[in-house]
Amino acid sequence: MKYLIVGLGNKGPEYENTRHNIGFKIAEKIAESLEVSFNTTNFGLMAEGKYKGRKVFVLKPDTYMNLSGNAVKFWMQKENIPLENVMIVTDDLALPFGTLRMKMKGSDAGHNGLKSIQESLNTQNYARLRFGISAEFSEGRQIDYVLGTWNAEESEKLGERIEKFSKACLSFVFAGIGNTMSAFNGK
């Protein structure tokens, strides 16, 4: 069985440590756990590994957030990965910092990366793991906030949260989405 885990983010050093790039950070932690490295390929950086006998592709798209769907669709088709074996990891303003929320389907909730994936796949029925980044910004400052870096308190807790999220993604690969949602949601 093959699985595709896609961490959403934006390429470039100016985005590296921003809230919007938490998907990339979680993808990097998953690759580290699998003891594999990322290589430049079509539509981004890809790490390939095995987890409990299952082949896992971990993708960091280089399409920028708004075109993430192109990368997801390409790799699903290239590797013949069914939709139920795809997990998208992204940030979420509607959740308190560090909150883990995994869902089997849902709307894009205004997230441009999820919107692109929905348009490319022509469905909302794909698994997604949302990392709460909270909404601690004043009116009109959303872009600055999501493209801003973590504050001191968040930075202190970030490593542990990234570890938890990477474990949830690997649980999805082995135990399936239902069991993983029961074990990890809200934690």
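Student: Okay, is Thr 180 buried or exposed?
Tutor: Thr 180 is buried, with a relative accessible area of 0%; buried means under 20%, exposed over 50%, partly exposed in between, using a 1.4 Å probe and protein chains only. This is a predicted model, where local features need pLDDT of at least 70 and side-chain atom pairs count only at pLDDT 80 or more, while totals for chains, interfaces and linings use all residues. Residues are numbered from 1 along each chain as its sequence is written, and side-chain values use heavy atoms, with hydrogens and water left out.
Student: Which residues does Thr 180 touch?
Tutor: Not counting residues up to four places away in sequence, Thr 180 touches Met 102, Ala 168, Ser 171, Phe 172, Ala 175 and Asn 185. Touching here is a contact, meaning heavy atoms within 4.5 Å.
Student: Switching topic: how much space lies in the largest pocket?
Tutor: About 430 Å³, where a volume is the space filled by probe spheres set on grid points joined across faces, edges and corners. A pocket is an open set of points on a 1 Å grid over the protein atoms alone, where a 1.4 Å probe fits, with protein on both sides within 12 Å along at least five of seven lines; lining residues have an atom within 4 Å of a point.
Student: Which residues are closest to its centre?
Tutor: Of the 22 lining residues, His 20, Gly 110, Asn 112, Gln 142 and Val 146 are the closest to the centre of the largest pocket.
Student: And what's the volume of the second largest pocket?
Tutor: About 180 Å³. The second largest pocket has 13 lining residues, and Asn 10, Lys 11, Gly 12, Phe 24 and Lys 60 lie nearest its centre.
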